[in-house]
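User: I would like to learn how to read a protein model one feature at a time, with the general idea stated before the particular case. Could you take me through the one shown here?

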Amino acid sequence: MNYTWNWGVLSQATGVDNTTYMDWIITGLGWLAGIAVVAWTIAMVLGTVLGIMRTLQNPVLRSIGTAYVTVFRNIPLLVQLFIWFFVVPNFLPGPIHSWWINDLSNSTSAFLSASIGLGLFTAARICEQVRTGIEAVAQGQKNAGYALGFTTPQLYRYVILPQSFRTILPPLSSELTNCVKNTSIASLVGVSEIISQMKTISEYTQNTIEIYTYVTLIFITINICLILFMTFLEKRFQIPGLMAGGK
């Protein structure tokens, strides 16, 4: 194998504005973090609302939640991102369409498309987690809440959701790490996140093995930190007797 190893490749100058390849990696990490934060926020808010809707007695709201999950869980994420980037902007109202096309830079519009697409995709998965958590709350507690005079919104706010979210923290950990890993697909719609930067650096330097190794280690490190954080939350908010390890 005629290959010249160069593990110091990230410290080399790129020849562009006195930057190094490490600067490009840091830039990619910034885009990755931005997409992950926006997408996860959308997913948690929308997924929670949809999860609640799927457990209500109102058949219309239940049908809306079910239809959303059915559609967004069965269309590949890459296809959804392409739709948000190439198709949806063409159907925006006039002023918004003009702002999107003329005022936003290509990187910003790609960032928004990727964040929205990933957020909506992940929301369908969060919805199912929330629904499962709500249905895990004992019916007796719900009946007791109504007997005490709670309205349905009050029952969800003070009784059901606090317990359900504690119960679903373990699967939410997996969804969070999946959300971070799925940001890599954003490179296919023009976002200069870490995968895009990795490909560019690999083409410039031909040190493919080293670059791919570094990026792999970065993803492993990020997700291990997230898992440790979520594990801390699980132990901090576990319900005794209802969660693994509870006493």
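User: At roughly what angle do the axes of helix H7 and helix H8 cross, and within what distance do they come?

Analyst: Keep in mind that this is a predicted model. For a helix pair, one reads the approach of the axes together with the crossing angle, and then the residues that make the contact. Here the axes of H7 (residues 152-167) and H8 (residues 169-182) come within 5 Å and cross at roughly 60°. On the H7 side the contact is made by Phe165, Arg166 and Thr167, which meet Leu169, Pro170, Pro171 and Leu172 of H8. Sorted by class, that contact comprises five nonpolar residues, one polar and one charged.

User: Which pattern does the protein follow when read along the sequence, and what does the C-alpha trace span along its principal axes?

Analyst: The protein has ten helices and zero strands, giving the pattern α-α-α-α-α-α-α-α-α-α along the sequence. Its C-alpha trace spans about 75 × 55 × 30 Å along the principal axes. Of the 247 residues, 40% are buried, and among contacts between residues at least 6 apart in sequence, 72% join residues at least 24 apart.

User: How many residues does the largest nonpolar core have, and which of them have the most contacts inside it?

Analyst: A core is read by its membership, and then by the elements that supply it. The largest nonpolar core has 41 residues, and those with the most contacts inside it are Ile35, Tyr68, Ile134, Tyr156 and Val191. Two or more residues come from each of H1 (21-53), H2 (59-73), H3 (77-87), H5 (106-136), H7, H8 and H10 (208-237), with H5 giving the most, twelve residues. To look at one member, Tyr68 is in contact with Leu46, Leu50, Leu120, Ala123 and Ala124, once neighbours within four places in sequence are left aside. Apart from this core lies another, of 15 residues, which includes Val9, Leu32, Ala36 and Ile194.

User: Is alanine 43 buried or exposed, and which residues does it touch beyond those up to four places away in sequence?

Analyst: For a single residue, one sets its accessibility beside its contacts. Alanine 43, in helix H1, counts as buried because its relative accessibility is 0%, under the 20% limit. Beyond residues up to four places away in sequence, alanine 43 touches Thr48, Gly119, Thr122, Ala123 and Ile126.

Leaving aside neighbours within four places in sequence, cysteine 179 is in contact with Ala36, Ala39, Trp40, Leu118 and Thr122.

User: Where is aspartate 17 placed, and what is its phi near?

Analyst: A backbone angle is read with the residue type and the setting in mind. Aspartate 17 is in the segment before H1, and its phi is near 55°, a positive value in a residue other than glycine. At 68% relative accessibility, aspartate 17 counts as exposed. Glutamine 206, in the loop between H9 (194-205) and H10, also has a positive phi, near 65°, and is exposed with a relative accessible area of 53%.

Key. Residues numbered from 1 in each chain as written. Predicted model: local features only at pLDDT ≥ 70, side-chain atom pairs only at ≥ 80, totals over all residues. Heavy atoms only, no water. Axes fitted to C-alpha atoms, helices over the stretch in contact; angles between N-to-C directions. Helix = DSSP H or I, 4+ residues; strand = E, 2+ residues; numbered from the N terminus. Contact = heavy atoms within 4.5 Å. Nonpolar A, V, L, I, M, F, W, Y, C, P; charged D, E, K, R; others polar. Core = buried A, V, L, I, M, F, W, Y, C linked by side-chain atoms within 4.5 Å. Buried < 20%, exposed > 50% of the residue type's maximum accessible area, 1.4 Å probe, protein only.
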